[in-house]
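Biologist: Please show me how to read a structure like this one. I would like the general idea, then the case at hand.

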Amino acid sequence: MIEATAQGRYSVIRSTRASRGGAVAGIVLLLFLAAAPWWADRATMRLLVEIFYILALAQMWNLLAGYAGLVSVGQQAFVGLGGYMLFALAIFTPVGAAWSIPLAGLIGAVVSLPVAFLVFRLRGHYFAIGTWVVAEVFLLGFAQIQTLGGGSGISLPVSVVRDIAASRSGRDAVIYLVALAVVICIIAIVYGLLRSRHGLALTAIRDSEEASASLGVDNFRAKLMIYIFVAFGTTAIGALIFLTKLRISPAAAFDINWTTTVIFIVVIGGIGTIEGPIIGTLIFFLLREPLAQFGTWYLILLGLVAVVIMLKAPQGIWGLVAERWDLRFFPVQRRLRFEPPD
Amino acid sequence: MSLLAVRNLTAFYGDFQALFGIDFSLDEGETVAVIGANGAGKSTFLRSVTGLVKYAADEFTYDGRSIAGRKASDIPGLGIAMVPEGRRLFPSLSVEENLVIGGYDGRPGTWSLDRVYGMFPRLKERRDNPGTALSGGEQQMVAIGRALMANPKLLLCDELSLGLAPIIIKDIYESVPAIKAEGVSLLIVEQDINQALEVADRVYCFQEGRISLEGNPAQMSRDDIANAYLGKSQ
Amino acid sequence: MIEWVNSILQGVLTGGLYALFATGLAIIFGVMRLVNITHGDFIVLAAFVALVVVEGTGVGPFISLIAVIPIMAVFGYVLQRGVLNPTLGPDLLPPLLVTFGLSIVIQNLLLEVFSADSQRLKIGAFETLSINLTEDLAVGVFPLIIFVTAVVLIFAIQAVFNRTSLGRAFRATSDDPVTAQLMGIDHRHVYGLAMALALVLVAIAGVFLGVRTNFDPSVGPSRLLFAFEAVIMGGLGSLWGTLAGGIILGVAQNIGAKIDPGFQILAGHIAFLVVLAIRPNGLFPRTRDD
């Protein structure tokens, strides 16, 4: 798109040097990760799976809070729902475990409609706590369902586990590749969404709700669509998470820590960017490995870091980096380049 | 001695410079009007005096003391009260509460609820209404009364006439002599030039953040003012 | 039949405690437009402070309030001015995430210092004392005291807001902090005072909580949810609405528990969601929308 004016030419730039270089490096990295079953040991693969699903959750929460301005602290409702749907589908239907993941996502999207009907009545900060109440209702509700193990939980039947793959290493490889596929799909969809016309509308809402409304952006509709999509993604990820765990209980499924972890990751990495959650996830796991032995102190440290970042550098670590070196690996904005006349 | 003296005042809103080296003075007992078009920097000037914007100045003294960089909430205690643009009454407070809160600082002086009601009898009838349930003119009376309750030595009035019918504006301005009679100095910012010139001892005209004309209104011609107001290019 | 009446009566009394939780939250929201996610953890923190005072000096939990109230009030003022004031602005995200982060920090600090063990503030035989209303109906003296205290405190806070200079400053600052400064009101200081006042209520609520039930560092969030539900069900019109919201929540929980112990908390949440579905602005909404 090029506009010529008397003073020179403007062109709209959507890619950056970093994004073009990043694309090449990204493909290499992807091939390397996809080959992990042939080079990584079991512990490494388990760690990578965990990194993948936490990163996917972080991307979902970031889309919800960082772009649509819907700050939910109750996304564990959908994580847990996904886990339980995986178990229910695997136990009561002939659907295989792998197909249960997208199917659980669809169920999550359907369930999110009545939830949205309720929580969208709460504005601003109250929305956040409203979503938390809903997550508690899910927790207490699933604890009442005896066929899914009630309050004490249930294990995935051995026959279902065997179905995934006959050998343990085969299962590990399948689950690993599914997790990799899920996180790639999530990032690709988020990136595609933000680059689309809808993404532009979302960014407008994030930057100024009033101004975007005056430009004809239907805030409510856009937010609702994002809420439903994020419910879909989060529920699917929840199904994946509990596929790796093979056991589920209400307390584990609807644990607020799913959301807490993700919030810290997104805030520290940089809210409202695709790169931020990636950086945040890497930092989270890098710090966790040496610091996990300190248990609660690690959480205290994370909480304090998140508070300090929110106060001193609300754009997060990636925001600081991007500003300093003008780096963008996932350029979602359109930039004007001015070419002076000859 | 000047009550308010300002030398080389500059102020910014982000990257936008609103004031470029304003020199200004106001003597005790004087009424000074600041006129100018929209965006000329008049309101920014008042917001500098009340400490609501950050600024730089070689001199910014009130009553012989520097007030540069003072917190906005310290200013009323020094005897500077403001009738803000658009009245800005507190919707949660009744008319009477809006007046009472004007005296929050407890600065001693001659103004009281009774005296404000004496000046604006209509407010007494509506004392228990929410401030925002009143007509525009009545709201402006509350805003003036609220500022007087602070017992100011210097009263800043930002666009008293804004959004009001001419007959109401006349009503409002009729209270000015009574306020002057108390020894209060006034700094009036107005787009309505006629009203401003009528009550002012001296006038400053602002244009694009600079002072384009200053003097005694009686000695100014209409053309001088029109030039200073709109700029010579127009 | 009389069992149900009893459930409802106990629920009303519990509702007084919930209203006390909720009033602090409502003050903070009313003045600062800040939803304090740390609120439940503040209540638990107050209970632990009381525990330390009780164990350190040997005084009873109620006497410990002489120390707990000022400690919490000063803590609230300093926290508001040092940490929360800088987050206030048009963007909702910073205050929300900062209070969320603080909540995690406080929970885990309490866990580190006091362990996950259940604690209780003991008041001896007084705890089980009750008055027989009829042959089959009795109310505990202590729950009754909590309820009456809650009503008296809500009345007092409402009076502070309606009739005092400080209350006018609270309302004016909430309406328009910029114009409030033109009145000589230092909005940052007023916010600090509002948080201090809220934490006075939190201190009292924390001690009551600690006497009535076992507590440990993890119980804060559920108290936040109760407080939040009471505030929303009551509507944001007045603190009396908040009291009504607390009572509805208490009654719903007690009726739920009567049906099945597993339904206690769930019934409260469901009552909240039902009110939200049919009366989104609560039962006693504020007349002015802002």
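Biologist: What should I know before I start?

Modeller: This is a predicted model, where local features need pLDDT of at least 70, side-chain atom pairs count only at pLDDT 80 or more, and totals for chains, interfaces and linings use all residues. Residues are numbered from 1 along each chain as its sequence is written, chains are lettered from A and ligands numbered from 1 in the order in which they are written, and side-chain values use heavy atoms, with hydrogens and water left out.

Biologist: How many helices and strands does chain A have?

Modeller: Chain A has 16 helices and 5 strands. Helices (H or I, at least four residues) and strands (E, at least two) are DSSP runs, numbered from the N terminus. Of its 342 residues, 52% count as buried. Buried means under 20% relative accessible area, exposed over 50%, and partly exposed in between (1.4 Å probe, protein chains only). Take contacts in chain A between residues at least 6 apart in sequence: 77% of them join residues at least 24 apart. Contact means heavy atoms within 4.5 Å.

Biologist: Which chains touch with the most contacts?

Modeller: Chains A and C have the most contacts among the 2 pairs of chains that touch. Chains A and B do not touch, and their nearest C-alpha atoms are 17 Å apart.

Biologist: How do I read a pair of packed helices?

Modeller: Two packed helices are described by the angle between their axes and the distance between the axes. Axes are lines fitted to C-alpha atoms, for helices over the stretch in contact, and angles run from 0 to 180 degrees between N-to-C directions. Take α3 (residues 42–67) and α11 (residues 219–245) of chain A: they pack at about 165 degrees, with axes 9 Å apart. That angle makes α3(A) roughly antiparallel to α11(A). Angles under 35 degrees count as roughly parallel, over 145 as roughly antiparallel, 65 to 115 as roughly perpendicular and the rest as oblique.

Biologist: Is the crossing of α3(A) and α11(A) left-handed or right-handed?

Modeller: It is left-handed. A crossing is left-handed if the near helix is turned anticlockwise from the far one by less than a right angle, and right-handed if clockwise. The contact includes A:Tyr53 and A:Leu57 of α3(A), and A:Tyr227 and A:Val230 of α11(A). By class, this contact of α3(A) with α11(A) has 14 nonpolar, 3 polar and 2 charged residues. Ala, Val, Leu, Ile, Met, Phe, Trp, Tyr, Cys and Pro count as nonpolar, Asp, Glu, Lys and Arg as charged, and the others, Gly among them, as polar.

Biologist: At what angle do α13 and α14 of chain A pack?

Modeller: Helix α13 (residues 257–269) and α14(A) pack at about 115 degrees, with axes 7 Å apart. The two are therefore roughly perpendicular. Their crossing is right-handed. Among the residues in contact are A:Ile265 of α13(A) and A:Thr281 of α14(A). The residues of this contact of α13(A) with α14(A) divide into 7 nonpolar, 5 polar and no charged.

Biologist: Is A:Thr281 buried or exposed?

Modeller: A:Thr281 is buried, at 1% relative accessible area. Beyond four places in sequence, A:Thr281 contacts A:Ile51, A:Ile54, A:Leu55, A:Ala58 and A:Ile265.

Biologist: How do I read a nonpolar core?

Modeller: In soluble globular proteins, nonpolar side chains tend to be buried together. A nonpolar core is a set of buried Ala, Val, Leu, Ile, Met, Phe, Trp, Tyr and Cys residues joined through side-chain atoms within 4.5 Å. Here the largest has 234 residues, and those with the most contacts inside it are A:Tyr227, B:Leu4, B:Phe24 and B:Leu187. Its largest share, 17 residues, comes from α3(A). Apart from it lies another core of 32 residues, including B:Met149 and B:Tyr173.

Biologist: Where is B:Ile80?

Modeller: B:Ile80 is in strand β7 (residues 80–83) of chain B. At 2% relative accessibility, B:Ile80 counts as buried. B:Ile80 and B:Pro152 are 72 residues apart in sequence, yet 5.2 Å apart in space, C-alpha to C-alpha.

Biologist: What about positive phi?

Modeller: Most residues other than glycine have a negative phi. B:Glu208 has a positive phi of about 45 degrees. B:Glu208 lies in the loop between β10 (202–207) and β11 (210–215) of chain B, and is exposed at 59%.
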